Amino acid sequence: MVSDKEVSNDDEATRFVVPESLAGGRLDKVLATLMPEHSRGRIQNWVEAGYVEVNQQPTKIRHIAKWGEVISVWAQPAPEDLAYKPEDVAFDVVSESPTYIVVQKPVGLVTHPGSGNWGGTLLNGLLFRYPELASVPRAGIVHRLDKDTSGLMVVARTEIAQTHLVRQMQARSVSRTYVALVHGRTLPQGTINRPVGRDQRVPVRMTTENPSAPREAITHYTCRQAGHYDTLGVSELICKLETGRTHQIRAHMASLGHPLLGDTLYGGRMVGSIKRQMLHAYSLAFDDPQTQSRLAFESSLPADMQEIVDTTVWNHAV
């Protein structure tokens, strides 16, 4: 079958002559056999977009291939193939050294390319601002924040530094502390030790109740103050992660009946001008990969969270 393939150098199309063994098959199935390195779904997209011709004529997925027909294919890169491209993305750099970069991720910025977000991410912005990160796996990213969670992140600038930081993560020596605004009045302090995994009923949500593939998850929290926003009870919490699971604080607080303000995925309500979950990674501490000295960083609350804090009547300082 390989002998039926020839590549045109002038128009970059890949051409196949339909062999007798595949004659009578539907075009997309025939091409899936001739191009096994590509999924059938991807090939169907190429046909629908006009990147496939039969005998130099436009065609359709359901075309029945005939023996001797010439199929021309202009293979197109998948979105994920274009994901690791430099883009001018806005974010603030808090500190940097030859081995690390501490960034402030703004609300609405996706950390890493993935389904539905193949560009415009923090990773793309890092590659634009620090081209040398192209040689570091995942552009040096060692942990993530949800799209609508703001705050501090550390990025490794070299592969050796990345290994060092990943090991710190595994040893739980990287300190990550968040400010969360939640519904109701919580206990003065507590530790939530409940495994978190994918919600079997709602795949985009994590849960502590009968999760799929649960993983250990531990969150320590302290209530800084409690009060009311209009008639709504609100607590301001300091949450410290011992583990770093997807949506960990969001799922853990919801499991206590105290979902984050604005976190509608976990039962929270939108109030005032809130448009996202009220969660901010406000402090970060780790060992310098080069000097081994302990480094600590803090950032102020973003404007939307500060507005809620300023307009809440705090009547219980803890």
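Let's start with the largest nonpolar core. It has 32 residues, and L126, L133, Y178, L237 and I249 touch the most other members. A nonpolar core here is a set of buried Ala, Val, Leu, Ile, Met, Phe, Trp, Tyr and Cys residues joined through side-chain atoms within 4.5 Å. Buried means under 20% relative accessible area, exposed means over 50%, and partly exposed is in between, with a 1.4 Å probe and protein chains only.

Which elements give two or more residues to this core? They are strand 7 (100-105), helix 3 (122-129), strand 8 (150-156), strand 9 (175-183), strand 14 (218-229), strand 15 (232-241), helix 5 (248-255) and strand 16 (279-287). Helix 3 gives the most, with four residues. Helices (H or I, at least four residues) and strands (E, at least two) are DSSP runs, numbered from the N terminus. Apart from this core lies another one, of 17 residues, and V18, L27, I61 and I71 are among them. In soluble globular proteins, nonpolar side chains tend to be buried together.

A word on the source. This is a predicted model: local features need pLDDT of at least 70, side-chain atom pairs count only at pLDDT 80 or more, and totals for chains, interfaces and linings use all residues. Residues are numbered from 1 along each chain as its sequence is written, and side-chain values use heavy atoms, with hydrogens and water left out.

Now helix 5. Is it mostly covered or mostly open? Mostly covered: six of its eight residues are buried. Those are Q248, I249, R250, A251, H252 and M253. Take I249. Leaving aside neighbours within four places in sequence, I249 is in contact (heavy atoms within 4.5 Å) with Y178, T219, C239, L241, L260 and L279. Just after helix 5, G257 takes a positive phi of about 85°.

Next, strand 15. Eight of its ten residues are buried. Two strands pair if DSSP finds at least two bridges between them. Strand 14 and strand 15 run antiparallel, joined by ten bridges. T222 has I238 in strand 15 as its bridge partner. These two strands form a hairpin with two residues between them, and D230 in the turn has a positive phi of about 55°. Strand 9 also runs antiparallel to strand 15, with seven bridges. There, A180 stands opposite L237.

Stay on strand 9 for S175. S175 is buried, at 16% relative accessible area. Not counting residues up to four places away in sequence, S175 touches K240, S283, L284, A285 and R294.

Now the rings. How many aromatic pairs does a search of the whole structure find? Three. Rings of Phe, Tyr and Trp (its six-membered ring) pair if their centres lie within 6.5 Å; planes under 30 degrees apart count as stacked, over 60 as edge-to-face and the rest as tilted. F286 and F297 are a stacked pair, 6.0 Å centre to centre, with 25° between the planes. F286 lies in strand 16 and F297 in strand 17 (residues 294-298), so the pair ties together parts that are eleven residues apart in sequence. F286 is buried, at 0% relative accessible area. F297 is buried too, at 13%. Y100, F286 and F297 form one aromatic cluster.

R129 lies over the face of F91, at 4.0 Å from the ring centre. The cut-offs: NZ of Lys or CZ of Arg within 6 Å of the ring centre and within 35 degrees of the ring normal.
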